Every structure is written in structure tokens, then in C-alpha cells.
Amino acid sequence: MGTRSSIAIKTEDGIKAIYCHWDGYVDHNGRILREHYNNTDKVKALIDLGDLSCLRPELGMKHDFDQRDDSLGLTDNWCVAYGRDRGESDVSARTFETIAEWVEAMAGSWCEYFYLFDGQDWIVSNGKKDSSGCFEFDFLEVKILQEIVN
């Protein structure tokens, strides 16, 4: 079963976001984002891929979406994108005016984790609201450390 997530970047136009189907939990997608997509250019390139089946450490190149046997290990670390690799349409990044609009819209796609790059750091939310009705976000590094300790 997939642990769905949304990956986004804050832009001048709002929040530009994509959907990711597999392994959205902090210790997987969160760790990959923090370690491999740690500057604006890399994050923009990732978001430009559109919706993902799998987030991986490298963007990679177009490859067979359904490839299961990569005995040479050439594509093991490449992202798997619905548009680029399977040819689907309507899977481009979407822009939302506010964080609340983004989280609420992507929660409708059963996303459990929401990753936002603010230009310097990754923050993450599980989509829950605090007592004032705002979505709770924390720095990704803090959440990874909490998971390690627990």
C-alpha cells in the first residue's frame, strides 16, 4: 500500500506542488529530499517532472515505467514519473495560492505527508491542524531525528 505525499516549493506565484504515490513517510521521501534535493534548482527540476510514482535520489532520464528487472542497476536511483516515464497526461505540477489550499487539495488525493521547500529548508506536515486551525509544519531534520529516537 502506498504512503502518499505531496512535494512542493514556495514560489512567487504560491505553492507549486506534485503528488508522489510511494514511500511518502519521513524516513524515506523526507530523507531523500533533505539529502539529494537541497537547493532551489534541484527542487525546481524535481517539481518539473510532475507527479511521481517513486521519489529517488536522482531525477534520471526517461525509462520504462514498468521495468522491474534492472540487473545492471542503471535506473535504481532514478525517479519514476507518470508523465515522463508512462506518458500520462494531466500530471503536471499544480500551483496553489496558499499552504492551506495546497494541503486541503492534496489531502483529497489521500496524501499523508506534505513536504515544502522554502528556498533554504524542507518543512513537513502530516496534514493535521493545531488548536488555532493552522496546519502544523516542522523542519524535516527535526522530524527525521524524532523518528530515529522513537
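Modeller: Helices (H or I, at least four residues) and strands (E, at least two) are DSSP runs, numbered from the N terminus. Covering goes by contact, meaning heavy atoms within 4.5 Å. Please keep in mind that this is a predicted model, where local features need pLDDT of at least 70 and side-chain atom pairs count only at pLDDT 80 or more, while totals for chains, interfaces and linings use all residues. Residues are numbered from 1 along each chain as its sequence is written, and side-chain values use heavy atoms, with hydrogens and water left out.

Colleague: What is the overall make-up of the protein in helices and strands?

Modeller: The protein has five helices and eight strands, and from the N terminus on they run β-β-α-α-β-β-α-β-α-β-β-β-α. Among contacts between residues at least 6 apart in sequence, 54% join residues at least 24 apart.

Colleague: Why does Tyr-115 count as buried?

Modeller: Buried means under 20% relative accessible area, exposed over 50%, and partly exposed in between (1.4 Å probe, protein chains only). Tyr-115 has 0% relative accessibility, so Tyr-115 counts as buried. Of the 150 residues of the protein, 41% count as buried.

Colleague: Then why is Asp-23 partly exposed, and why does Asp-90 count as exposed?

Modeller: The relative accessible area of Asp-23 is 27%, so Asp-23 is partly exposed. Asp-90 has 77% relative accessibility and therefore counts as exposed. Asp-23 sits in the loop between β2 and α1, and its phi is positive, about 55°, although Asp-23 is not a glycine. Asp-90 lies in the loop between α3 (82-86) and β5 (94-96); its phi, near 60°, is also a positive value in a residue other than glycine.

Colleague: Back to α2. Which of its residues are buried, and how do you know that they are on the same side?

Modeller: In α2 (residues 40-48), Val-43, Leu-46 and Ile-47 are buried. They cover an arc of only 95° around the axis, so they lie on the same side of α2; the arc is that of the directions from the helix axis to the C-beta atoms. On the other side of α2, Asp-41 and Asp-48 are exposed. After α2 comes Gly-50, with a positive phi near 85°.

Colleague: What makes β6 and β7 a pair?

Modeller: Two strands pair if DSSP finds at least two bridges between them. β6 and β7 have four bridges, in the antiparallel sense, and one of the bridges has Leu-116 facing Ile-123 in β7. The two strands form a hairpin with four residues between them, and Gly-119 in the turn has a positive phi of about 105°. β7 is also joined by two bridges to β8 (residues 138-139), again antiparallel.

Colleague: How many aromatic pairs are there, and why is the one of Tyr-113 and Tyr-115 called stacked?

Modeller: A search of the whole structure finds four aromatic pairs. Rings of Phe, Tyr and Trp (its six-membered ring) pair if their centres lie within 6.5 Å; planes under 30 degrees apart count as stacked, over 60 as edge-to-face and the rest as tilted. The rings of Tyr-113 and Tyr-115 have centres 6.5 Å apart and planes at 25°, so this pair is stacked. For Phe-117 and Trp-122 the centres are 5.1 Å apart and the planes at 55°, so that pair is tilted. Both Phe-117 and Trp-122 are buried. Ring pairs also link Trp-102, Phe-114 and Phe-137 into a cluster.

Colleague: What makes a nonpolar core, and which residues touch the most other members of the largest one?

Modeller: A nonpolar core is a set of buried Ala, Val, Leu, Ile, Met, Phe, Trp, Tyr and Cys residues joined through side-chain atoms within 4.5 Å. In the largest core, with 22 residues, Ile-7, Tyr-37, Leu-46, Leu-52, Leu-55, Tyr-115 and Trp-122 touch the most other members. At least two residues of this core come from each of β1, β2, α1, α2, β6 and β7. A second, separate core has 18 residues, including Tyr-19, Tyr-82, Phe-96 and Val-103.
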